[in-house]
Amino acid sequence: VTSVLHSEINEQPDAIKRAIAGAKQATLALVAEAKRRDVKYIVLAARGTSDNAATYGRYLFEIVCGIPVGLAAPSVHTLYEAKISYRDALVIGVSQSGAGEDINEVIGQARKAGALTLAITNTESSVLAQTAEHVLLCHAGVERAVAATKTYTTTLALFALLASLWSESGELQTHLERVPEAMEQVLTASQNTVPVVARTLIHAERMLTVARGLHYATAIESALKIAETTYTATQPFSSADLLHGPIASVAVRTPCLLFVPNGKTAPMMNEVGDKLSARGARVIRLSSDGTDSLDYLPLVPPGTELLSPLVDIVPAQLLAYHLCLARGLDPDNPRGLTKVTVTR
Ligand code: F6R
């Protein structure tokens, strides 16, 4: 039996290619209008995996475009009916289904309040796509597994495309075009390593995922994927926040997935790894220069740290999948979840 989740994880390199090519014209049009309207800040509204993608977008736009970015709290609109001025804002709703009522309400209200609005979605006919003035489509194809994978990475690719065109960074664009290749390589490198590590986690009741900076998105998305498919209580942390107290709760042998991609965060991630090891935790490093062991999973650097999250999530998706299999669970249909969750 082939799992839908596994096929969709493997479809990601092609999906990224389609996303970058398919959304280019619409992205150029959006950037032109954002510049004409002199947009001064960006607000992102999303839930679940799309919200994790938004966290990447936030770091990326601030680092690459020098524009302040905030994440919306949808209940401010849906429960508290607040009237917010969105003058000079670009408000982006991110949703694979485009069906979330709260996200649609944020975009509708923002548009009425003067914002330039954008939908990033995999569903062209969705309410979200009809509510926003501009639409960027993921072109991921229908996603059937309840756990989102290719809609996550294509959303990251659209953020990277937008940041590269906004900042006119030819370098970022060139690197983006090479991401599918790095993804293919990490899929290959994971084939023998991930299932073996997954089998050592069968009895884990709690897990931590830890990253810093731009890679925090990878920590929160890994934790979501592992929790929803394997039912392991998985907590994501910024390595900085972990040190500010919660590290005290880490028990001996607790598995900690540590994302150590090349770049700015690597030295501090290694320090946190040493602190966790000193407490007796089991530290599993995801890195491109580890050694073959049960405490290491390979990463493939895509040429710039800025795009590393597009590739680094893949071994974590596969870990969720293989841990699921190792426990005899159905990776395509986590208990009690449906594909589309509507919240208000
Ligand atoms: C997790 C997952 C959910 C969705 C969330 C938002 O794998 O799929 O967390 O990301 O329900 O859904 P959309 O993006 O359709 O608004």
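The paragraphs below take these topics in turn.

The model is predicted. S9 has strand S8 (residues 255-259) as a parallel partner, and five bridges join the two. Within this pairing, Leu-258 is found opposite Arg-285 of S9.

Next come the aromatic side chains. A pair of aromatic rings is described by the distance of the centres and the angle of the planes. The structure contains one aromatic pair. Its members are Phe-61 and Phe-159, whose ring centres lie 5.7 Å apart. Their planes meet at 85 degrees; the cut-off for edge-to-face is over 60 degrees, so the pair falls in that class. The two residues belong to distant parts of the chain, being 98 residues apart. Phe-61 sits in helix H4 (residues 48-65), while Phe-159 sits in helix H8 (residues 150-167). Phe-61 has 0% relative accessibility and therefore counts as buried. Phe-159 also counts as buried, because its relative accessibility is 0%.

Two arginines lie over tyrosine rings. Arg-58 is placed over the face of Tyr-59, 5.8 Å from the ring centre. Arg-335 is placed over the face of Tyr-231, with a distance of 3.8 Å to the ring centre.

The cysteines remain. How many disulfides does a search of the whole structure find? The search returns zero. For Cys-138 the reason is distance: the closest cysteine sulfur, that of Cys-65, is 18 Å from its own sulfur, which is too far for a bond. The cut-off for a disulfide is a sulfur pair within 2.5 Å. Cys-138 has a relative accessible area of 1%, so this residue is buried. Cys-256 likewise counts as buried, because its relative accessibility is 0%.

Definitions and conventions
Residues numbered from 1 in each chain as written. Predicted model: local features only at pLDDT ≥ 70, side-chain atom pairs only at ≥ 80, totals over all residues. Heavy atoms only, no water. Pairing = 2+ DSSP bridges. Helix = DSSP H or I, 4+ residues; strand = E, 2+ residues; numbered from the N terminus. Phe/Tyr/Trp six-rings, centres within 6.5 Å; stacked < 30°, edge-to-face > 60°. Buried < 20%, exposed > 50% of the residue type's maximum accessible area, 1.4 Å probe, protein only. Lys NZ or Arg CZ within 6 Å of the ring centre and 35° of its normal.
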